Amino acid sequence: MKWPDGPLVLGTFIERLHRFGAMVEVRGKKEYCHVTNSGRLRELLYPGAKVALVDHHHDPLVNSKAPRKTRYAVRLALYKKKWVCIEANIAPKLLMEAWKAGKVPSLKGYDQLQAEVALNAHTRFDFQARNSKTGEKAWVEVKCVTLVDKKGVGHFPDAPSERASKHLRELMGLSRKLKTRCYVFFILQNPLGKGVTPKDDTDPLFGETLRKTAKTQVRIEAYRAKVSLKDAKLQKAIPVLLP
C-alpha cells in the first residue's frame, strides 16, 4: 500500500514522553508527536534515532474538517539502515490489501472480509471473513510485530498485553463452532526479521496461551512486510517459532 496521507517527513527522535507521545525534531523545530504504537520500542525510538512522520497538515481541507491535537505522527523508524513501520494500524491494512490480491492462501476461500467486527460488547476482532456461498466464516486477528533480535527473530508482544491473550482464548472457543475457523496473523513490519516468536520474558501469559492455541484448530501464521518511505506491502510468509 502506498502511504495515503502525503509524503512522509523526516525527523530526529528526542524523547518518549509517554506511550502515545514523544518529542521529535522536525524541520528544525521540536514538535510534540503522536506515537502510533503502545509498545516499548526501545530499540527503535531513542535519542538521535531517525524517524519518518505523517504530516496531518499536508491536506489543509482534511485538517480543517477534523483538527488534530498533534500535527505529526511517527510512522517509521530507521533500524540498521532499514525502515521499520511502527504504526500498529498498518498491519490489518496490509493483510486486507494482500487478501484482495489473492496473496493470503488461508483466506482465498472467503469472498468477503469485513474489518473491525464486534464479537460482543467487550471484544472486537480485526476481521470477519465469509464465504457467501457456503455460509462459512472466519474470525481473524492481526498482530503488529516490530521488535527483532540479533538472530533476526521477531518478538511479540513488546509490552505486556492482557488483551492479546484474551483474543487468543476467545478464538480457541470460537474455533469449536460449526462452519467457523479462526486465524491469527503476525505481521512483521521490520524487514530484517526471519520469523516470529512470543516474547516470554515480557509477557509469559501470552507465550503460554499462544502455545495452547497452536494445539487447537486456530491457525497461526506470520508474514513479513517490505517497508519504504513511499509504501509497504506483505512480502513473504515466515515461520512462527514456538520453542
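Two strands pair if DSSP finds at least two bridges between them. Strands β14 and β15 meet that rule: they pair over six bridges. Within this pairing, Y223 stands opposite A237 in β15. The model is predicted.

**The six-strand sheet**

- Strands of a sheet pair through backbone hydrogen bonds, either parallel or antiparallel.
- Here, six strands form an open sheet with mixed pairing. Reading across the sheet, the order is β7-β8-β9-β12-β14-β15.
- The edges belong to β7 (112-118) and β15 (232-238), and each of these strands pairs on one side only.
- From one strand to the next, the twist averages 35°.
- Helix α2 (residues 90-100) packs on this sheet. The helix touches β7, β8 (124-130), β9 (137-145), β12 (180-188), β14 and β15.
- The direction of α2 makes about 80° with that of β15.

**A closer look at β14 and β15**

- Strand β14 covers residues 219-227 and pairs with β15 in the antiparallel sense.
- A hairpin of four residues carries the chain from β14 to β15.
- V227 has its bridge partner in β15 too: A232.
- In a regular strand the side chains alternate between the two faces of the sheet.

**The three-strand sheet**

- A further open sheet has three strands in the order β10-β11-β13, again with mixed pairing.
- β10 (147-148) and β13 (195-198) stand at the edges with a single partner strand each, so one side of each has no neighbour in the sheet.
- β11 and β13 run parallel and are joined by four bridges.
- In that pairing, F156 has P198 of β13 as its bridge partner.

**The largest pocket**

- Rolling a probe the size of a water molecule over the atoms shows where empty space is left.
- The largest pocket has a volume of about 880 Å³.
- Its lining counts 37 residues. The closest to the pocket centre are S38, A88, N89, C144 and R163.
- Elements giving two or more residues to the lining are β3 (29-35), α2, β7, β8, β9, β11 (153-156) and α3 (162-174).
- The largest share comes from β9, with five residues.
- By class, the lining has 18 nonpolar, nine polar and 10 charged residues.

**Salt bridges**

- The count comes to 12 salt bridges.
- One of them joins the side chains of R71 and D55, at 2.8 Å from N to O.
- This pair links distant parts of the chain, 16 residues apart. R71 lies in the loop between α1 (60-65) and β5 (72-79). D55 belongs to strand β4 (residues 50-55).

**Backbone details**

- Where is P157? P157 lies in the loop between β11 and α3.
- The peptide bond leading from F156 to P157 is cis, with omega near 0°.
- L41 sits in the loop between β3 and β4.
- L41 has a phi near 55°, a positive value in a residue other than glycine.

Conventions
Residues numbered from 1 in each chain as written. Predicted model: local features only at pLDDT ≥ 70, side-chain atom pairs only at ≥ 80, totals over all residues. Heavy atoms only, no water. Axes fitted to C-alpha atoms, helices over the stretch in contact; angles between N-to-C directions. Contact = heavy atoms within 4.5 Å. 1 Å grid on protein atoms, 1.4 Å probe; cavity = no way out; pocket = protein on both sides within 12 Å on 5 of 7 lines; lining within 4 Å. Points joined across faces, edges and corners; volume = space filled by probe spheres on them. Nonpolar A, V, L, I, M, F, W, Y, C, P; charged D, E, K, R; others polar. Salt bridge = Lys/Arg side-chain N within 4 Å of Asp/Glu carboxyl O.
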